[in-house]
Amino acid sequence: MAMAGLYRRVLPSPPAIDFASTEGKKLFIDAIQAGTMEGFYKLISYFQTQSEPAYCGLASVSMVLNALAIDPRRKWKGPWRWFDESMLDCCEPLEKVKAEGISFGKVVCLAQCAGAEVEAFRTSQTTVDHFRQFVKRCSISDNYHVVSSYHRGSFKQTGTGHFSPIGGYHVGSDMVLILDVARFKYPPHWVPLTLLWEAMDTVDETTGQRRGFMLISRPQREPGLLYTLSCKHESWVGVAKYLMDDVSHLLKSEDVKDMDSVLSILCTSLPSDFGKFIQWFAEVRMERDGGIGISEEEKGRLAIKEELLKQVQDTGLFKHIVHFLSSTSCSRREPVFGGNENLHEIAASVCCQGLEILSGRSGTSNCSCCRETCLKCVNGSTDKPLTVLSATIVNGKSEEKVDMLVPQSMMKLCCGAPDPNNCIRTQPVGSNILTALLLALPPETWSGIKDKKLLEEVQSLVLTGNLPAMLQEEVLHLRRQLYLLKKCQENKVDEDLSAPHL
């Protein structure tokens, strides 16, 4: 019986040495004894096979992010927060990556957008000795990992450009261990470091740029606790351009005299799909996973979000925005700024989306609807009650209860009232979001304001240095994402590999 397709490839050796061969095992043992395999253990614990032939860059990044224990702050499947290739779409649509692959610069962008610290170099920007120093640095620590972008032809392998993490280093033979994420094709293998350098020192025909390597490490604290920027909707290009370019030009062209006029310009010219661009992280779980109570981990995350929301609402900018939105008709133009949304309506929408993600059906055409929502107040880690909104989601013939955990600062809630449903309203959710996003705009955005007194007032309101430490980190994460998306929108990610200067 004829069988179509390929079952693996024979690893060309030399120049590579199969990790599982006698010689490969000896190199491994020697490197362990020399202390240059420290990064290997975490990487091998999260070693994955790329799920698509062109997903080597995505698989390498998700493997390293998981090895570094960076929390994605969103669910993968079931109750689990976990980096997967399908979640790495902030710099390039997945369908395009699937069809065409991904460039070195966009893989760097993906790692940065996910919150990691990244140092990236093309071979034209550094030397083989510099590269060796980075490899040694990662081989004696599990706090950093190197991902290499190289051409397979240098190793007599089939294929062209490829990405994979480096799992270790053998000092005596000057060889590196490549943990090839195309495990269906080649096993992990040792290659001479100088030959890997030659494989990186090749030109990617799609960009005209040389390949290279990146050092990925954990950020000082987990970013994106409250908000993130989303590129899933095609309108993101226009919204990013509006925030990074148009706002500054509008403020230069208009004669604004006070904060209300500044906010009026921003509100009236806001793109209609703005609400799909910035999103807040909702704590959602299937009721069967969470039971009746709230775990200590969930309480801890809610407490941090509670404090962050309080810090947002304590800013002078937030107070100006709340006053402006409550006194104009601007809120009727864009639902995200309404400020009077019924929490049950929000919960119904969020829980429907949450069920799709938790059950692994995100992005499918199957329709879910919310039959009812129910409010519960449970004890938190302090004397304050925590709020759980449970929604019954109907999908075809099945029903599933999904919980949404709500920070107290997002709502006006009379827990213990005879009919709490009558007094549940969100705090101005749009005001929280708009405040965070305006704080995240580049400082030069406001420099075109002609009135010097107003300019000083605005600069004081948005000055990052005046914010509490936690809110500073949240704002800087959003600003980093804005800079990265601007580079994507301008097609400059392959020209400039550096992290945004904040």
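Leaving aside its neighbours within four places in sequence, which residues is Met-259 in contact with? They are Leu-317, His-320, Leu-454, Glu-457, Val-458 and Leu-461. Contact here means heavy atoms within 4.5 Å.

The model is predicted, so local features need pLDDT of at least 70, side-chain atom pairs count only at pLDDT 80 or more, and totals for chains, interfaces and linings use all residues. Residues are numbered from 1 along each chain as its sequence is written, and side-chain values use heavy atoms, with hydrogens and water left out.

Start with the overall fold. The chain has 17 helices and 19 strands. Both are DSSP runs, numbered from the N terminus: helices are H or I with at least four residues, and strands are E with at least two. Of the 502 residues in the chain, 55% are buried. Buried means under 20% relative accessible area, exposed means over 50%, and partly exposed is in between, with a 1.4 Å probe and protein chains only. Take the contacts in the chain with a separation of 6 or more: residues 24 or more positions apart account for 68% of them.

Now go inside. In soluble globular proteins, nonpolar side chains tend to be buried together. A nonpolar core is a set of buried Ala, Val, Leu, Ile, Met, Phe, Trp, Tyr and Cys residues joined through side-chain atoms within 4.5 Å. The largest one holds 102 residues. The members that touch the most others are Trp-190, Met-214, Phe-277, Leu-438, Trp-446, Ile-449 and Leu-482. Another core lies apart from it, with 24 residues, including Leu-11, Val-135, Tyr-169 and Ala-199.

Ala-199 also belongs to the buried part of helix H7. This helix covers residues 193–200, and it is largely enclosed by the rest of the structure because 6 of its 8 residues are buried. They are Leu-193, Leu-195, Leu-196, Trp-197, Ala-199 and Met-200.

Back to Met-259, which lies in helix H9. Its relative accessibility is 6%, so Met-259 counts as buried. Met-259 and Leu-455 are 196 residues apart along the chain, yet their C-alpha atoms are separated by 9.6 Å. Asp-255 sits in the loop between helix H8 (236–253) and helix H9 (259–268). Is Asp-255 buried or exposed? It counts as exposed, because its relative accessibility is 52%.

Next comes Thr-445, in the loop between helix H15 (429–440) and helix H16 (452–462). Thr-445 counts as buried because its relative accessibility is 3%. A polar atom of its side chain lies 2.7 Å from the backbone oxygen of Pro-442. Not counting residues up to four places away in sequence, Thr-445 touches Val-247, Ser-248 and Leu-251.

What about empty space? Rolling a probe the size of a water molecule over the atoms shows where it is left. On a 1 Å grid over the protein atoms alone, a pocket is an open set of points where a 1.4 Å probe fits, with protein on both sides within 12 Å along at least five of seven lines; lining residues have an atom within 4 Å of a point. The second largest pocket has a volume of about 940 Å³. A volume is the space filled by probe spheres set on the points, which are joined across faces, edges and corners. This pocket is lined by 39 residues, and the closest to its centre are Glu-100, Gly-101, Ile-102, Thr-160 and Gly-161. Strand E6 gives the most to the lining, with 3 residues.

Finally, look at some backbone details. Most residues other than glycine have a negative phi, and most peptide bonds are trans. A cis peptide bond joins Ser-13 and Pro-14, with omega about 0°. Another cis bond joins Pro-14 and Pro-15, with omega about 15°. Arg-8 has a positive phi, near 60°. Arg-8 is in the segment before E1, and it counts as exposed because its relative accessibility is 52%. Lys-156 also has a positive phi near 60°. Lys-156 is placed in the loop between E5 and E6, and at 62% relative accessibility it counts as exposed.

Definitions and conventions
A polar contact is a pair of N or O atoms within 3.5 Å; within protein, one must be able to donate a hydrogen and the other to accept it, and residues adjacent in sequence count only if both atoms are side-chain atoms.
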